[in-house]
Amino acid sequence: MKKIEAIIKPFTLDAVKQALQSAGVSGLTITEVKGFGRQKGHTEMYRGEEYVVDFVPKIRIDIVVKDDLVEQVVGAILKAAHTGKIGDGKIFISDLNDAIRIRTNERGESAI
């Protein structure tokens, strides 16, 4: 099993969600997060004053999939979230040792 974490721009969420459903993902978790990378935030004007926005709003998607679905899921995220502009996001893939479904006590791949 693998855990895939994707950090994407908020306006790409619907397209990514649809792509993931088409790729066979049956469940995911999203979190509204803030951060910065190479884009280093930006400046904005508010009531005539300029101020720096250090942390940019993003969406984090957490997905757990079987090993054989990883490339398909990553490809779906890449295609749906790509705009070609700085700040498109990142994808992190980690090994997952175990999963437990609380309701039934199922373990491993049957729990996802």
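How many helices and strands make up the secondary structure of the protein? It has two helices and six strands.

## Ground rules

This is a predicted model, in which local features need pLDDT of at least 70, side-chain atom pairs count only at pLDDT 80 or more, and totals for chains, interfaces and linings use all residues. Residues are numbered from 1 along each chain as its sequence is written, and side-chain values use heavy atoms, with hydrogens and water left out.

## Overall build

Along the sequence, the pattern is β-α-β-β-β-β-α-β. The protein is more spread out than a compact globule, because its radius of gyration is 17 Å, well over the 13 Å that the globule rule gives for 112 residues. That radius is taken over C-alpha atoms, and the rule is 2.2 Å times the number of residues to the power 0.38. The C-alpha trace spans about 60 × 25 × 20 Å along its principal axes. Helices (H or I, at least four residues) and strands (E, at least two) are DSSP runs, numbered from the N terminus.

## Surface, contacts and charge

Of the 112 residues, 30% count as buried. Buried means under 20% relative accessible area, exposed means over 50%, and partly exposed lies in between (1.4 Å probe, protein chains only). The protein exposes about 7800 Å², and carbon and sulfur atoms supply 50% of it. These areas come from the Shrake-Rupley method with a 1.4 Å probe.

Take contacts between residues at least 6 apart in sequence: 71% of them join residues at least 24 apart. Contact means heavy atoms within 4.5 Å. The protein has 17 positive and 16 negative charges, and their mean positions are 2 Å apart. Lys and Arg count as positive, Asp and Glu as negative; His and the chain ends are not counted. Each charge is placed at NZ of Lys, CZ of Arg, CG of Asp or CD of Glu.

T12 sits in the loop between β1 (2-8) and α1 (13-22). T12 is buried, at 5% relative accessible area. Neighbours within four places in sequence aside, T12 contacts A80, A81 and T83.

V64 belongs to strand β5 (residues 56-65). V64 is partly exposed, at 31%. Setting aside neighbours within four places, V64 touches K2, K3, L96 and I112.

N105 lies in the segment after β6 (89-95). N105 is exposed, at 58% relative accessibility. N105 is not a glycine, yet its phi is positive, about 65 degrees.
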